[in-house]
Amino acid sequence: MLPFARVAIVGLGLIGSSVARAVRQSMPTVRLSGYDADPAVRDTAIRLGLVDDVADQAGAAVTDADLVVLCVPVGAIGAVAGDLAADMPADVIVTDVGSCKTEVARALAEAIPTVTVVPAHPVAGTERSGPEAGFATLFAGRWCILTPAADAEPLAVARVGEFWRRLGADVEVMTPEHHDRVLAVTSHLPHLIAYSIVGTASDLEAVTESEVIKYSAGGFRDFTRIAASDPTMWRDVFLSNREAVLEMLGRFSEDLAQLQRAIRWGDGDALFDLFTRTRAIRRSIVEQGQDDAREDFGRSHDPAG
Ligand SMILES: NC(=O)c1ccc[n+]([C@@H]2O[C@H](COP(=O)([O-])OP(=O)(O)OC[C@H]3O[C@@H](n4cnc5c(N)ncnc54)[C@H](O)[C@@H]3O)[C@@H](O)[C@H]2O)c1
Ligand SMILES: O=C(O)C(=O)C[C@]1(C(=O)O)C=C[C@@H](O)C=C1
């Protein structure tokens, strides 16, 4: 049996449109409605036929939904849920796809205290944004982490888990706090480093911007892909997951200082040992299939590549 029959997607960008496409593919009988605050995105969603109905008002998209998926930037999730509160059916389940969970859970509990909420984070994406960037296989073979409250209804958690499994994801459950510490190091810090290094390169006085572009080597190009990620989304991620990111950034700065010392004092063994350890990590990621088709997808869609 399908976990949900009528799904409303609020926010029809990269993730919302990918959810819509994946639902169409894996659960074609599900009735899909959608809303986006940006009229141009709504027009695109209609043109692409992403959902059965694109509403002009957020409330109209959710009136008969049994699942509402909030696919808006992290900083907007609470307010959007609050705006929808009066229009949602009493037995609706609300989920979101936000990249951070602790503060979002707090915002959702405040905005819709009587509604069943099962927060989720599909750990899958690209540096692109908007409805045309989405694709149906985005979640295939990827983790989707659910972070329900301790007293969440088990049946609601199971239904949301089944929804993501049908979209191709592997589902894991953890607390929002643990999620935020793990993702701070596996996703948020790498993005911060990429933003920072690309910014540094473009600020160098001794190297012109055209040289940075002309001679960009493989490693730098990989950083530029990540540093091209959506500014609104990532501003919100760093403001929302501030504590965990600052903690991981502190650890990272100490390790970086150690590397700096190793280079200064010619400590080749320290460099070699670290690089050997990190190479093994990369190899085990590739072996587990966590490296990707999506990486190839990213490259083949890289306008610079
Ligand atoms: N991009 C990724 O790699 C990725 C991966 C996993 C999760 N996420 C999370 O998914 C969410 C959406 O990210 P995205 O990459 O799809 O961004 P996106 O910019 O492609 O899409 C976001 C959409 O939300 C709409 N929106 C903004 N405020 C709104 C509001 N108040 N009401 C209705 N619509 C509104 C925007 O117009 C836009 O179309 C974020 O919370 C992000 O943290 C992103
Ligand atoms: O591959 C990318 O471009 C991504 O940034 C995707 C990525 C990640 O860090 O892996 C980014 C943010 C999400 O919340 C989940 C996935």
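Residues are numbered from 1 along each chain as its sequence is written, while chains are lettered from A and ligands numbered from 1 in the order in which they are written. In this predicted model local features need pLDDT of at least 70, side-chain atom pairs count only at pLDDT 80 or more, and totals for chains, interfaces and linings use all residues; side-chain values use heavy atoms, with hydrogens and water left out.

**View 1. The chain splits into domain 1 (6–173) and domain 2 (178–293).** Those bounds come from an automatic or database domain assignment. Where they meet, 19 residues of domain 1 are in contact with 17 of domain 2 (contact means heavy atoms within 4.5 Å). Together the two bury about 1,400 Å², with 52% of it on carbon and sulfur atoms; buried area is the accessible area (1.4 Å probe) that two parts lose on being put together, summed over both. On the domain 1 side, Ser99, Cys100 and Glu127 lose the most area to domain 2, together 36% of what that side buries.

**View 2. Here is ligand 1 with the 25 residues around it.** A residue makes this list if one of its heavy atoms lies within 4 Å of the ligand. Coming nearest are Ile15, Asp36, Val72, Ser99 and Gly130. Sorted by class, the shell has 14 nonpolar, nine polar and two charged residues. In that sorting, Ala, Val, Leu, Ile, Met, Phe, Trp, Tyr, Cys and Pro are nonpolar, Asp, Glu, Lys and Arg are charged, and the others, Gly among them, are polar.

**View 3. Zoom in on ligand 1 and you'll find backbone atoms of Ile15 and Ala37.** A polar backbone atom of Ile15 sits 2.8 Å from an oxygen atom of the ligand. For Ala37, a backbone N or O atom is 3.1 Å from a ligand nitrogen. The protein buries 85% of the 830 Å² that ligand 1 exposes when taken alone; accessible areas come from the Shrake-Rupley method with a 1.4 Å probe.

**View 4. Ligand 2 lies between the two domains, because both give residues to its shell.** Of the 12 residues surrounding ligand 2, the closest are Ser99, His121, Ser187, His191 and Arg225. An N or O atom in the His121 side chain is 2.6 Å from an oxygen atom of the ligand. Ser187 also brings a polar side-chain atom to 2.6 Å from a ligand oxygen. The protein covers 89% of the 370 Å² of accessible area that ligand 2 has on its own.

Technical notes:
A polar contact is a pair of N or O atoms within 3.5 Å; within protein, one must be able to donate a hydrogen and the other to accept it, and residues adjacent in sequence count only if both atoms are side-chain atoms.
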